[in-house]
Structure formats: C-alpha cells, structure tokens
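Look over the sequence and the model before reading on. The report then takes a few places in turn.

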Amino acid sequence: MKVAVTGASGFLGPLFVQRLMERGHTVHVLARNVERTLGKLPQGVGGSFFDAATPLSPEALGGAEAVVNLAGEPVAQRWTESARQRIHDSRVVGTRLLVEAMRAAGTVRHFVSASAIGYYGDRAAEPLTESSAPGDDFLARVCRDWETEAQQAATAGIRTVVARIGVVVHPEGGALQQVLPLFRLGVGGRMGSGRQYMSWVDREDTLGLLLFALENPELKGPLNVTAPEPVTNADFARALGAVLHRPAVLPVPGFALNVVMGEMSEVVLGGQRVLPRRALEAGYRFQHPELTGALRAMLG
C-alpha cells in the first residue's frame, strides 16, 4: 500500500517508516518541516507539509490508501497552560484536520491513529482491557477527545484502529532513556510508593503491533499496545537493576517528583494495569512478552 505517516521524525517514526518499506509499502510523510523529516528517513520517501493549526488539502495525502497518525506534542514536560494547549491541539485538532482530508481524498481505506494508555486514568491494580471505561484526568480527557476525532474516519467507511500505546521501553528514548544513567550509576530505584503499575512495551513490539493493526483487515476500534505482563514500578526498578548488575534501592519520593515535574508527576506516580486482550485474541505474537528478557535483549 501507499501509506501516509505523521510523526515520522519522532521516537518511533523513522524505524516505523523503515519497517513499512521493508514490507513493500510506499511511504509518504506529513510533517511541518518536510525537508528535515525526510533527512532522517530512508531514500524514496515522499512528503507534504502538515501542521495541526493548518487545514490539510486532500492532495497532500499523495493518493495514500492508508494513514498512520503518530503525531503529538511530547507529554514529558511541565504542564504549563501553554503546554497543555499544545498537548491537546497537536493530538485532537491535528487528528480532526487529518480525518477531514482523508474523507475528502476518497482514497484512504485504513487508518491507524495513536492514542495512549493515559486514556484509562490512574486505576491502581485494576486489570484494564480495551472495553474498560476512560478516566477523567487531563491526559484521559485528551486521549478521549483524540480518539473521538480519529473514530470520525470510521463514519466515512475507513477501517479505523486506535492504538493505545503504553510505556515504550528502549534506551534510545522514552522513560528508560531518562532513568538509565541513574541506574547505571547504582543510584536508581522505585518512584513514589512503587506500587503503581507500569504497562510497558518493547519498541519492536510497538512497531510490530502498529504494523499488525495496519495490515490486519479484521481489526477495528481500540487496541492496547502493551506487553502482556505489566509490572509495578518497584518490580521494574528491581528488574532493571538486576540486568545492569547494579543496586536499585534508592527510592525517589513522590514530593520530589512533584517539585521537579509539577502536575506531570501524576503520570509517573499513577499507573494502569493494561492488558493487550485484542492483540492476543487476534493472534499477535509478542517478541518480548516479559520484562527481564526484553531488558536483556536491548541492554546486553
């Protein structure tokens, strides 16, 4: 297929584009800085301008048969009023403009739009599947509105999958990149109580599930992109320390996280125990279903 991709310059984007091309797809990226984005990608990728504040012409999709939407302002920053607006608009307004262009273009048959497990809010140890109700904090409301805009594509007959992505674990980005230096120095440990669940997923399985959603015509609606064995934050710290052969006994108090991160600390101190029920039912086979094995594979 010809696949249009937003967010191609982000943590997942370049490798996802590479995987698409390895599987025989043609890729057309949509980006604010097309030249810079194409510079990060394999040769043979086309591109068009797209910004969440500007309507997108149907022609900008380049005749794509499928669209994968990975764009969004980073959540890992202090949530000032302006940051909250950027986080919201980059996802909600950006997806709305993208869907409007898809509906007008008339060529798109498949749509995979990123969301996040923040949809569920802080739910302690409650097992959560795709049918679980949403939460009601800031990120949950953003995810709910984000998914509502994405599902508008389905009303135009476009098969739509909303990928609720968990905590992507890889040393080149995300949460692991931030804590890895501390653990390598032997000063890592749990955050807050450590009892909050962390629904992690290996980067390769994240890419694998996005491709699975794109290429599996039976899949529609929400899809949890998380490993089948979520762990508590304390268990994650112990596993990472064991793989690195370092102690992991120095906790980071919740109040310290509040001082450093502000309201964004809720993401770290809260948690969700999310299970990938629909992926397993559809036959997806995880490369790294268990945390210790995943950490060993990526850290050596």
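## After helix α7

Helix α7 is followed by His245, whose phi is positive, near 60°. The model is a predicted one: local features need pLDDT of at least 70, side-chain atom pairs count only at pLDDT 80 or more, and totals for chains, interfaces and linings use all residues. Residues are numbered from 1 along each chain as its sequence is written, and side-chain values use heavy atoms, with hydrogens and water left out.

His245 sits in the loop between α7 and α8 (254–261). Helices (H or I, at least four residues) and strands (E, at least two) are DSSP runs, numbered from the N terminus. His245 counts as exposed because its relative accessibility is 68%. Exposed means over 50% relative accessible area, buried under 20%, and partly exposed in between (1.4 Å probe, protein chains only).

Most residues other than glycine have a negative phi. Ala124 has a positive one, near 55°. Ala124 lies in the loop between β5 (110–116) and β6 (127–128).

## Helix α7 itself

Helix α7 covers residues 233–244. Its twelve residues should span 16 Å at 1.5 Å a residue, and the end C-alpha atoms are 17 Å apart, which agrees. The expected span is 1.5 Å times one less than the number of residues.

Nine of the twelve residues are buried, so α7 is largely enclosed by the rest of the structure. Among the buried ones are Phe236, Leu240 and Val243. What covers them? The cover of the buried residues includes β8 (167–169), α5 (174–184), β9 (197–198), β12 (231–232) and α11 (291–299).

## Two nonpolar cores

A nonpolar core is a set of buried Ala, Val, Leu, Ile, Met, Phe, Trp, Tyr and Cys residues joined through side-chain atoms within 4.5 Å. The largest has 43 residues, of which Val5, Phe16, Leu20 and Val68 touch the most other members. Helix α6 (residues 203–215) gives the most to this core, with seven residues. Apart from it lies another core, of 30 residues, including Leu139, Ala237, Met261 and Leu291.

Leu20 is in contact with Val3, Val5, His25, Val27, Leu211 and Leu214, leaving aside neighbours within four places in sequence. Contact means heavy atoms within 4.5 Å.

## Ser90 in helix α3

Ser90 is in helix α3 (residues 81–105). Its side chain reaches the backbone oxygen of Ile87 at 3.3 Å. Leaving aside neighbours within four places in sequence, Ser90 is in contact with Ala52, Ala71, Gly72 and Glu73.

Notes: A polar contact is a pair of N or O atoms within 3.5 Å; within protein, one must be able to donate a hydrogen and the other to accept it, and residues adjacent in sequence count only if both atoms are side-chain atoms.
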